[in-house]
Amino acid sequence: MTSNHTSVPSYMQGSTRRVGIMTDVHRRFLQLLMTHGVLEEWDVKRLQKHCYKVHDCNATVEKLEDFINNINSVLESLYIEIKKGVTEDDGRPIYALVNLATTSVSKMASDFAENELDLFRKALELIIDSETGFASSTNILNLVDQLKGKKMRKKEAEQVLQKFVQHKWLVEKEGEFTLHCRAILEMEQYIRETYPDAVKVCNICHSLLIQGQSCETCGIKMHLPCVAKYFQSNSEPRCPHCNDYWPHEIPEVFDPEKEREAGISKSNKKPLRSRQH
Amino acid sequence: LPKRPRGRGPSTSRILSGWEGPSTSWALSAWEGPSTSRALGLWENPGSPQFETQPLSPLDERANALVQFLLVKYQAKVPIKRSEMVKFIIREYKDECLDIINRANNKLECVFGYQLKEIDPKNHSYIIINKLGHHKGEPVASNLDTPKLGLLMVVLSLIFMKGNCVREDLIFNFLYRLGLDVQETHTLFGNTKKLITEVFVRQKYLEYRRIPYTEPAEYEFLWGPRAFLETSKMLVLRFLAKLHKRDPRCWPFQYIEALAECESEDADDDEPGSSDKCGDPTSGSPPR
């Protein structure tokens with residue numbers, strides 16, 4: 001198998017940093033990452049190996065961090081990057097291709113109509129303003145009359161919300177909606193720029209916070225995985241800001257090894273083959 | 001270089017884009033905002049810590065923005081008109097629009113392995129195809145697409161087997177016999193009839209033509225330009241063969257036709273990247 005080595009032409013190098021080399025391995029990786037939207041680290045490693053197998057099976061698989069940094073150096077001039085994040089509920093590392101230059105809804109704009117996008121914005125606002133990071137289906141649906149564009153009935157809006165879930169923009173839990181980890185990764189900048197006053201931020205990592213724990217005395221908030229790391233093996237957890245006793249249950253730090261031992265991970269998709277009848 | 005206006009972010013961009021306007025551009029509003037203005041060089045942001053880049057030429061800046069625009073469009077799989085590119089991204093540089101489109105295409109190929117292909121030279125309409133071998137052997141991404149692609153393969157193969165052109169009712173009857181009633185709302189496909197007659201057609205996988213002199217109007221299906229670019233008759237035949245556990249040569253006429261297409265493709269195919277040919281077409285089981 002021949003791999004297609006093309007170095008980046010000079011007119012692309014708008015950066016003072018040394019720009020990396022793109023081969024078909026990297027291109028395939030980018031394509032698949034984009035198609036999936038967001039992937040967990042374990043899947044990303046599998047994906048990387050797959051791309052090497054297809055395009056350059058004799059090469060050694062580069063360390064993931066370097067591999068991604070290489071690609072990011074090429075993407076820099078396009079204001080795109082592969083961003084690493086962590087799921088808010090259980091601290092799994094995730095990766096997504098994030099657009100740094102355009103506003104959030106650009107990726108959604110081609111999949112959704114004007115009124116659907118507006119429904120998303122309304123849901124987003126409710127989620128950001130909420131205490132728990134969740135907005136109830138009822139509250140979102142009550143805003144249907146305020147939507148821009150074509151009139152939408154509540155029944156239709158319910159289906160649109162499901163569409164958002166399918167496209168990994170929202171997550172539903174018991175009739176309530178919050179942002180999918182993909183949305184948080186992709187839209188953090190947009191959210192912070194658009195809702196600078198309402199936005200919550202984690203006291204530890206200073207990133208956008210949708211779900212988390214708060215100190216009942218001084219009100220600072222922390223992501224669950226940040227709480228897990230900060231209070232790891234601390235028998236008397238205390239608020240980093242006001243030193244009051246931290247009243248919530250301390251979650252466990254995410255351990256990828258334990259995850260693999262537990263067997264099938266949530267996002268393990270087997271390749272599909274056409275069924276033989 | 002002309003003096004760049006001092007942008008104050010959102011308001012400037014909105015004025016420039018006519019965002020307040022009714023019809024056009026909720027879509028454009030997706031491209032407007034402080035970050036986009038930065039990307040289009042409309043903001044002077046000295047000492048921006050994030051991007052310590054040397055200034056790009058305005059054509060390259062527009063080409064970069066166009067690449068992002070195209071990537072979003074790629075996911076939607078709908079054709080893109082040159083006029084859209086000019087309206088939303090190229091704007092005042094429209095005299096250099098072909099140059100910008102070329103630059104964007106180069107980056108698209110070099111970085112992502114995609115390629116812009118003009119499918120309608122009269123109306124200047126383009127689609128984006130995957131240069132890394134349209135013979136995808138890989139699991140397709142989201143659960144959303146795989147069953148739909150499976151359905152599409154079934155429809156494409158039926159059209160091919162029936163001589164490249166099939167009446168609409170034949171397709172729907174065939175699907176019905178497979179257990180899929182296009183009139184009913186399906187858990188995976190939703191409005192199946194709409195999926196086939198509108199979505200697949202819009203994405204250029206299928207062509208939907210009115211049969212002349214029919215009253216009430218009747219329609220027929222053919223392969224669309226994207227189907228020809230992204231798959232091949234041979235792949236479709238192999239898909240069918242696998243399904244029926246038979247050899248593709250059991251269908252001699254179609255086999256010969258598929259071979260002829262392969263040979264004509266090989267004749268003008270000089271790409272080195274065809275190493276990832278796998279027998280497996282975009283996979284998916286036919287609907288139950």
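1. Contact here means heavy atoms within 4.5 Å. On that basis, residues 24 or more positions apart account for 59% of the contacts in chain B with a separation of 6 or more. The model is a predicted one. Chain B holds 12 helices and eight strands, and 52% of its 288 residues count as buried.

2. The sheet of chain B. Three strands make up an open sheet in the order β1-β3-β2 (chain B), with antiparallel pairing. The edges are taken by β1 (80–81) and β2 (114–120) of chain B; each has a single partner strand, so one side of each is left without a neighbour in the sheet. Helix α6 (residues 97–112) of chain B packs on this sheet and touches β2 and β3 of chain B, its direction making about 135° with that of β2(B).

3. Strand pairing. Six bridges link β2(B) with strand β3 (residues 125–130) of chain B in the antiparallel sense; Leu116(B) stands opposite Ile128(B) in β3(B). On β1(B), two bridges make the join to β3(B), again antiparallel, and Lys81(B) is placed opposite Ser125(B) in β3(B). The hairpin of β2(B) and β3(B) has four residues between the strands, and His124(B) takes a positive phi near 55° in it.

4. Burial of β3(B). How many of the six residues of β3(B) are buried? The count is six of six, and the strand is mostly covered. Both of its faces are covered: Ser125(B), Ile127(B) and Ile129(B) are buried on one side, and Tyr126(B), Ile128(B) and Asn130(B) on the other.

5. Helix α5(B). This helix is mostly covered, with seven of its nine residues buried. The buried residues are Arg82(B), Glu84(B), Met85(B), Val86(B), Phe88(B), Ile89(B) and Ile90(B), a list that includes the charged residues Arg82(B) and Glu84(B). Just after α5(B), Arg91(B) has a positive phi of about 45°.

6. Aromatic pairs. Over all chains, a search of the whole structure gives 11 aromatic pairs. One of them is the tilted pair of Phe69(B) and Phe88(B), at 6.0 Å centre to centre and 50° between the planes. Phe69(B) belongs to helix α4 (residues 58–76) of chain B and Phe88(B) to helix α5 (residues 82–90) of chain B, so the pair ties together parts that are 19 residues apart in sequence. Elsewhere in chain B, one aromatic cluster is formed by Phe172(B), Tyr208(B), Tyr219(B) and Phe221(B).

7. Nonpolar cores. Which residues touch the most other members of the largest nonpolar core? They are Leu75(A), Ile82(A), Leu66(B), Met85(B) and Phe112(B), in a core of 50 residues. The largest share of this core is the nine residues from α4(B). A second, separate core has 37 residues, among them Val154(B), Met161(B), Met234(B) and Trp251(B).

8. Charges over rings. In chain A, the charged end of Arg182(A) sits over the ring of Trp169(A), at 4.2 Å from its centre. In chain B, the charged end of Arg226(B) sits over the ring of Tyr205(B), at 5.7 Å from its centre.

9. His180(A). The loop between β8 (176–179) and α8 (181–194) of chain A contains His180(A). Is His180(A) buried or exposed? Its relative accessible area is 15%, so His180(A) is buried, the cut-off for burial being under 20%. Residues touched by His180(A), not counting those up to four places away in sequence, are Val38(A), Lys168(A), Trp169(A), Leu170(A) and Val171(A). Of these, Trp169(A) is the residue whose ring lies under the charged end of Arg182(A).

10. Met22(A). Strand β2 (residues 21–22) of chain A contains Met22(A), which is buried with a relative accessible area of 0%. The C-alpha atoms of Met22(A) and Ile71(A) are separated by 7.1 Å, although the two are 49 residues apart along the chain.

Key: Residues are numbered from 1 along each chain as its sequence is written. Chains are lettered from A and ligands numbered from 1 in the order in which they are written. This is a predicted model: local features need pLDDT of at least 70, side-chain atom pairs count only at pLDDT 80 or more; totals for chains, interfaces and linings use all residues. Side-chain values use heavy atoms; hydrogens and water are left out. Rings of Phe, Tyr and Trp (its six-membered ring) pair if their centres lie within 6.5 Å; planes under 30 degrees apart count as stacked, over 60 as edge-to-face and the rest as tilted. A charge sits over a ring if NZ of Lys or CZ of Arg is within 6 Å of the ring centre and within 35 degrees of the ring normal. Buried means under 20% relative accessible area, exposed over 50%, partly exposed in between (1.4 Å probe, protein chains only). Two strands pair if DSSP finds at least two bridges between them. Axes are lines fitted to C-alpha atoms, for helices over the stretch in contact, and angles run from 0 to 180 degrees between N-to-C directions. A nonpolar core is a set of buried Ala, Val, Leu, Ile, Met, Phe, Trp, Tyr and Cys residues joined through side-chain atoms within 4.5 Å.
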